[in-house]
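Please keep the sequence and the model at hand while reading.

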Amino acid sequence: MQRIDVGTEIAPQHAFGREFVEGVSAYAAERKNWRLHALRQEDVAKETFGSCQGVIIRVFGDHAIRIARDRKIPLVDVYCAKPHEGIGQVIPDEAAAGRLAAEFFHSRGFTNFAFCGMNALAYSTVCQNAFVQAVREFGYEADVYAVPTSLRGRIPFDKGTPYSVPDATQLRKWLRSLPKPVALFCCNDHRAYQVMSIAFKVRIDIPHEIALLGCDNDTMLCSFSPVPISSIDPNARKVGYTAARLLNSMIGRPPDKRHHKIVMIPPKGIVERASTEHAPFSPA
């Protein structure tokens, strides 16, 4: 059996990245002839796919696409900022996550809703739009946090930590201004942890004043927060497994016959913790 070398981006600094790699590894274990190689975004920038016969990475620009096409290397993109002909694309269904968050809060009886995202992340916008639309369909409006213009692109995630909050002053003012009780959905658990930290410092009660929901189900952040944070499980492991399976179907096929439709993986569900234990039902 001929060995197949596959390059996979490694992003261990957040839960999604770790579980995604577990999914890729699970598929590789089934194939027997796959040999995985760790890739970083720096490797992509330096055009160092090495001897890989296929790669699974997040594509942030056209540079990696050009490399793959020039070398005729099958590529699966797991960021999907835009479609690319002949490139496989697998992502979590962020719109489904936004709708799930709205449905969850609505079922708890909330009438005040809010969303806090990170403007530099494409999936944050998708989550926001779906959440806002679903809330509107329930007959309400969601208050959306606007990242200050001077800080756009500087809200940390991949290269930062949840403990550093460049927009802490603005975020604190926004949290105080929200009508209470309010159901607040954040684009990821890093953002939810930042919200939790600020709320804790200014004595905003979670979950009684703000019911807080994140996304990614990062158990380290969620469980060790001042109040454990509820979170949507995006099924990152299935994203990784599906991306690997798609890549395998592309290897050995001519470029014009390779998959280029976006495959969306629905969220696994909501992992409930203490941050959403309050429901604002009126007494009977």
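How are H6 and H7 oriented to each other, roughly parallel or roughly perpendicular? The model is a predicted one, and in it helix H6 (residues 168-177) packs with helix H7 (residues 189-201) at an angle of about 75 degrees. Angles from 65 to 115 degrees count as roughly perpendicular, so H6 and H7 are roughly perpendicular to each other. Their axes are 10 Å apart. On the H6 side, the contact is made by Ala-168, Leu-171, Arg-172 and Leu-175; H7 contributes Arg-191, Val-195, Ile-198 and Ala-199. Sorted by class, the contact between H6 and H7 has six nonpolar and two charged residues, and no polar ones.

The crossing of H1 past H9 is right-handed. From H1, the contact is made by Phe-16, Glu-19, Phe-20, Glu-22, Gly-23, Val-24, Ala-26, Tyr-27, Glu-30 and Arg-31. The residues of H9 that take part are Ala-236, Arg-237, Val-239, Gly-240, Tyr-241, Ala-243, Ala-244, Arg-245 and Asn-248. By class, ten residues of this contact are nonpolar, three are polar and six are charged.

One residue of this contact can be followed further. Gly-23 lies in helix H1 and is buried, its relative accessible area being 0%. Apart from neighbours within four places in sequence, Gly-23 is in contact with Arg-237, Gly-240 and Tyr-241. The C-alpha atoms of Gly-23 and Arg-237 are separated by 4.2 Å, although the two residues are 214 residues apart along the chain.

Helix H5 remains to be described. H5 covers residues 122-137, 16 residues in total, and from its first C-alpha to its last it reaches 23 Å, close to the 22 Å expected at 1.5 Å a residue. Its buried residues are Tyr-123, Ser-124, Cys-127, Ala-130, Phe-131, Val-132, Ala-134 and Val-135. As background to such a list, an α-helix has 3.6 residues a turn, so residues three or four places apart point the same way.

Technical notes: Residues numbered from 1 in each chain as written. Predicted model: local features only at pLDDT ≥ 70, side-chain atom pairs only at ≥ 80, totals over all residues. Heavy atoms only, no water. Helix = DSSP H or I, 4+ residues; strand = E, 2+ residues; numbered from the N terminus. Expected span 1.5 Å × (residues − 1). Buried < 20%, exposed > 50% of the residue type's maximum accessible area, 1.4 Å probe, protein only. Left-handed = near helix turned anticlockwise from the far one by under 90°. Contact = heavy atoms within 4.5 Å. Nonpolar A, V, L, I, M, F, W, Y, C, P; charged D, E, K, R; others polar. Axes fitted to C-alpha atoms, helices over the stretch in contact; angles between N-to-C directions. Parallel < 35°, antiparallel > 145°, perpendicular 65-115°, else oblique.
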